[in-house]
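Have a look at the structure first, then go through the notes by topic.

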Amino acid sequence: GGGGEPDEEYRGEGGEGAYDEDMYRGGADEPAEFDRDWSRGYRGEGDDDEYRGGDDDDEPPEYRGGGGREVAADGGNEATSPEADRLRAALRSARADASSAKRDLDDALALLQTDFGPSSRYFPLRGRCFSYAPGGEFSYELCPFDKATQSGGTTLGKWKGWGDGYSVFEFDQGAHCWATGKGRTATAKLECAEENVVLNVDEPEVCSYAFVFGTPSACTTAHVDEARREAGMPPLAQTPAGAEEEEHDEL
């Protein structure tokens, strides 16, 4: 304007009055000293999101999502903190316990549904197998309430149930027999014996097998009386039906 003193800080074109561009950064709306170096970092609004730019070293940028949830540096979503590891281990253990409990429950239900004979007298045979090796090409194995097999892993039959009252084990749905076009079958006739033992195995029909199995579980009072008579001993005293046994207080 007229009559005024010229600005001391203005520098005109050329010479000493040349404008120094290094003294001005950014547009009219930006602060004069706005820093464009992104490596120094940017922090957005709020406390949830935070980005920290990489420095001069080779470390990858670190990102922390909202709420402090940890994210794997390789881009995975699985947290690797000690607490997360502990929880995952606890979950695996709980699942294993649940599977074991289910197996135990299934076994218990199968046990309750199995007929072990009068007064469950044949229950002691459950889970046991008895071999028979007469010599020659084949040997056999009898597993009451489970299966019967022949050497080489051939299944002669799976547990079917009882036959002829409670005197015969029956097995069916064995390995396929080419001669009959059906599955093999087997039976096991029970006899009273002092110990559990397979006494004989025969094949009266093609792919149909007959075991003879001796077991104390098959012994009845009649068997005991017969044995006593053969030994010249009197039969056991019989308790009358409905009579109560005498109580003893000696102990």
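Let's start at a pocket: helix H1 (residues 82-113) gives the most to the lining of the second largest pocket, with three residues. Bear in mind that this is a predicted model.

- The space in the second largest pocket comes to about 200 Å³. It is lined by 14 residues, and the closest to its centre are Ala110, Leu111, Thr114, Arg126 and Phe145.
- Sorted by class, the lining has eight nonpolar, two polar and four charged residues.

**The sheet**
- Eight strands make up an open sheet with mixed pairing, in the order E3-E4-E5-E6-E7-E10-E12-E11. At the edges sit strand E3 (130-132) and strand E11 (197-205), each of which pairs on one side only. From one strand to the next, the twist averages 25°.
- E3 and E4 go antiparallel, over three bridges. Phenylalanine 130 has leucine 142 in E4 as its bridge partner, and leucine 142 also stands opposite alanine 148 in E5.
- Strand E4 (residues 140-143) and strand E5 (residues 147-150) are antiparallel too, with four bridges between them. Cysteine 143 has lysine 147 in E5 as its bridge partner.
- The hairpin of E4 and E5 has three residues between the strands, and phenylalanine 145 there takes a positive phi near 65°. Phe145 is also among the residues closest to the centre of the second largest pocket.

**Aromatic rings**
- How many aromatic pairs does the structure hold? There are 14 of them.
- Take tryptophan 159 and phenylalanine 171: their ring centres are 5.8 Å apart and their planes are at 75°, so the pair counts as edge-to-face. Tryptophan 159 lies in strand E6 and phenylalanine 171 in strand E7, so this pair ties together parts that are 12 residues apart in sequence.

**Loop residues worth a look**
- Most residues other than glycine have a negative phi. Two loop residues with positive values come next.
- Aspartate 164 isn't a glycine, yet its phi is positive at about 55°. You'll find aspartate 164 in the loop between strand E6 (154-163) and strand E7 (168-172). Aspartate 164 counts as exposed because its relative accessible area, 66%, is over the 50% cut-off.
- Glutamine 173 also has a positive phi, near 60°, and isn't a glycine either. Glutamine 173 belongs to the loop between E7 and E8, and at 60% relative accessibility it is exposed.
- Where does alanine 179 sit? Alanine 179 is in the loop between strand E8 (176-177) and strand E9 (182-183), and is exposed, with a relative accessible area of 65%.
- Alanine 179 and valine 206 are 27 residues apart in sequence, while their C-alpha atoms are 7.3 Å apart in space.

Methods. Residues numbered from 1 in each chain as written. Predicted model: local features only at pLDDT ≥ 70, side-chain atom pairs only at ≥ 80, totals over all residues. Heavy atoms only, no water. 1 Å grid on protein atoms, 1.4 Å probe; cavity = no way out; pocket = protein on both sides within 12 Å on 5 of 7 lines; lining within 4 Å. Points joined across faces, edges and corners; volume = space filled by probe spheres on them. Nonpolar A, V, L, I, M, F, W, Y, C, P; charged D, E, K, R; others polar. Pairing = 2+ DSSP bridges. Axes fitted to C-alpha atoms, helices over the stretch in contact; angles between N-to-C directions. Buried < 20%, exposed > 50% of the residue type's maximum accessible area, 1.4 Å probe, protein only. Phe/Tyr/Trp six-rings, centres within 6.5 Å; stacked < 30°, edge-to-face > 60°.
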